[in-house]
Amino acid sequence: MVVGYGGFGGAVCGGGVVAYRGSDGAMLWHFDLKRFSKREHFYARLHSVFSSPAVADVDGDGKMEVGFGAFDRNIYLLNADGTLRWYYHAADTVWSSPAFADVNADGKLEMIIGSDMTQNLNMPS
């Protein structure tokens, strides 16, 4: 089972994603977004994962990767062991849950996810 967590209190809760073993509830791994932002040296006021993470085997290796978006304005894909595969700065918060589909018919799944975006005069047109 994979669960996103966090709150709206900013500094109160780090936010992130946790995986638990279904048979006994033991924690398998934990990806902490507040800790990640400090390591990567980017500012985020909120670190919550509001929506449900999605799991899929994106590369056909038989292991389930985890995709999610967060209030830190990033979209993430984690490996099956909870390590970071990649992240993308979406320039605004992410409220939606991802879906996976083979959109370009290459036999591999792509992550499809929406993000929040309002007028931002600092973004190049």
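Strand β5 (residues 65–69) and strand β6 (residues 74–78) run antiparallel and are joined by four bridges, where strands are DSSP runs of E with at least two residues and helices are DSSP runs of H or I with at least four residues, both numbered from the N terminus. Within this pair, valine 66 has leucine 78 of β6 as its bridge partner. The model is a predicted one, in which local features need pLDDT of at least 70 and side-chain atom pairs count only at pLDDT 80 or more, while totals for chains, interfaces and linings use all residues. Residues are numbered from 1 along each chain as its sequence is written, and side-chain values use heavy atoms, with hydrogens and water left out.

β5 and β6 belong to an open sheet of four strands, ordered β4-β5-β6-β7 with antiparallel pairing; two strands are said to pair if DSSP finds at least two bridges between them. At its edges stand β4 (54–56) and β7 (84–89), each of which pairs on one side only. Strands of a sheet pair through backbone hydrogen bonds, in either a parallel or an antiparallel manner.

A second open sheet has three strands in the order β1-β2-β3, again with antiparallel pairing. Its edge strands are β1 (2–5) and β3, and because each has a single partner strand, one side of each is left without a neighbour in the sheet. Neighbouring strands of this sheet are turned by 15 degrees against each other on average, direction ignored. Four bridges join β1 to the antiparallel strand β2 (residues 16–20), and tyrosine 5 stands opposite glycine 16 in β2.

Helix α1 (residues 33–40) packs on this three-stranded sheet, touching β2 and β3, and α1 also lies across β5, β6 and β7. The table gives its directions, with axes being lines fitted to C-alpha atoms, for helices over the stretch in contact, and angles running from 0 to 180 degrees between N-to-C directions.

| Helix | Strand | Angle |
|---|---|---|
| α1 | β3 | about 50 degrees |
| α1 | β7 | about 80 degrees |

Aspartate 32 lies in strand β3 (residues 27–32) and is buried, with a relative accessible area of 15%; buried means under 20% relative accessible area, exposed over 50% and partly exposed in between, using a 1.4 Å probe and protein chains only. A polar atom of the aspartate 32 side chain lies 3.0 Å from the backbone nitrogen of lysine 34, and one lies 2.7 Å from the backbone nitrogen of arginine 35. When neighbours within four places in sequence are left aside, aspartate 32 is in contact (heavy atoms within 4.5 Å) with Tyr5 and Gly15.

Notes. Polar contact = N/O pair within 3.5 Å; in protein donor to acceptor, adjacent residues only side chain to side chain.
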